[in-house]
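Dear colleague,

Please find below the structure that I am handing over to you. My notes on what was found in it follow directly after.

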Amino acid sequence: MSKKGFLLGVVLGGAAIATAVMKMDDDKKATLKAKAQQGIADFKDRAIDYAFYAADASEDFKAEAGQQYEDAKRKVADFADQYQAAKQETGASFGSSLDQATDSLRSELTKVEDDEANDPDIVIDGGAVYQDAAQATTSAATDATETAEKATDAPASVDTTADDAQPTDDTTPTK
């Protein structure tokens with residue numbers, strides 16, 4: 001719908017302008033034509049001015065970027081000179097000091113690994129605890145069996161009747 005409305009507005013506006021131009025006399029037509037040509041010339045001048053502004057801005061940017069590049073290059077060269085001077089003063093190179101640090105770290109790690117190898121690890125194993133408990137239970141059962149066997153080997157004066165098997169506690173109901 002918006003396309004149809006836009007096209008309708010362009011057609012009606014063009015028809016209104018054409019009708020207005022046709023009804024004007026020749027002097028007004030010439031004046032209108034001159035104003036239109038002046039507006040087009042002004043637009044072209046502005047476009048050219050903006051193109052020149054853009055060219056000037058790009059030249060300024062190039063000059064500033066070149067200056068920044070030269071400053072950075074000079075700073076890097078100064079830093080390199082300072083590094084070389086410091087390196088010559090100490091007599092050691094960066095690589096050799098790095099090697100020394102690496103060797104020192106390697107020896108420290110070796111000492112730590114040796115210390116860890118000497119220390120027993122603590123292992124928490126639930127199965128071992130249960131095995132110990134099972135062994136204790138079986139040894140208690142074995143002890144009870146041995147005690148019972150010793151009791152059967154006891155003298156005949158001990159009476160082992162069914163009454164002994166019943167608890168003598170008064171709170172326990174009897175059948």
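Is R74 exposed, partly exposed or buried? With a relative accessible area of 45%, R74 is partly exposed, because buried means under 20% relative accessible area, exposed over 50% and partly exposed in between (1.4 Å probe, protein chains only).

Please note that this is a predicted model, in which local features need pLDDT of at least 70 and side-chain atom pairs count only at pLDDT 80 or more, while totals for chains, interfaces and linings use all residues. Residues are numbered from 1 along each chain as its sequence is written, and side-chain values use heavy atoms, with hydrogens and water left out.

Overall fold. The protein chain has five helices and zero strands; helices (H or I, at least four residues) and strands (E, at least two) are DSSP runs, numbered from the N terminus. Of its 175 residues, 0% count as buried. The chain exposes about 16000 Å², and carbon and sulfur atoms supply 60% of that area; accessible areas come from the Shrake-Rupley method with a 1.4 Å probe, and for residues only the protein chains shown count as cover.

Salt bridges. Three salt bridges are counted, each being a side-chain nitrogen of Lys or Arg within 4 Å of a carboxyl oxygen of Asp or Glu. R74 pairs with D71, their closest N and O atoms being 3.1 Å apart; the two are three residues apart in helix α2, about one helical turn. In helix α3 (residues 94–118), R106 and D103 are also three residues apart, and their closest N and O atoms are 3.4 Å apart. R106 is exposed at 52% relative accessible area, whereas D103 is partly exposed at 46%. E108 forms a salt bridge with K111, with closest N and O atoms 3.5 Å apart, and both residues lie in helix α3.

Aromatic pair. A search of the whole structure finds one aromatic pair. The ring centres of Y50 and Y53 are 6.0 Å apart and their planes are at 70°, so the pair is edge-to-face; rings of Phe, Tyr and Trp (its six-membered ring) pair if their centres lie within 6.5 Å, and planes under 30 degrees apart count as stacked, over 60 as edge-to-face and the rest as tilted. Both Y50 and Y53 are exposed.

With kind regards
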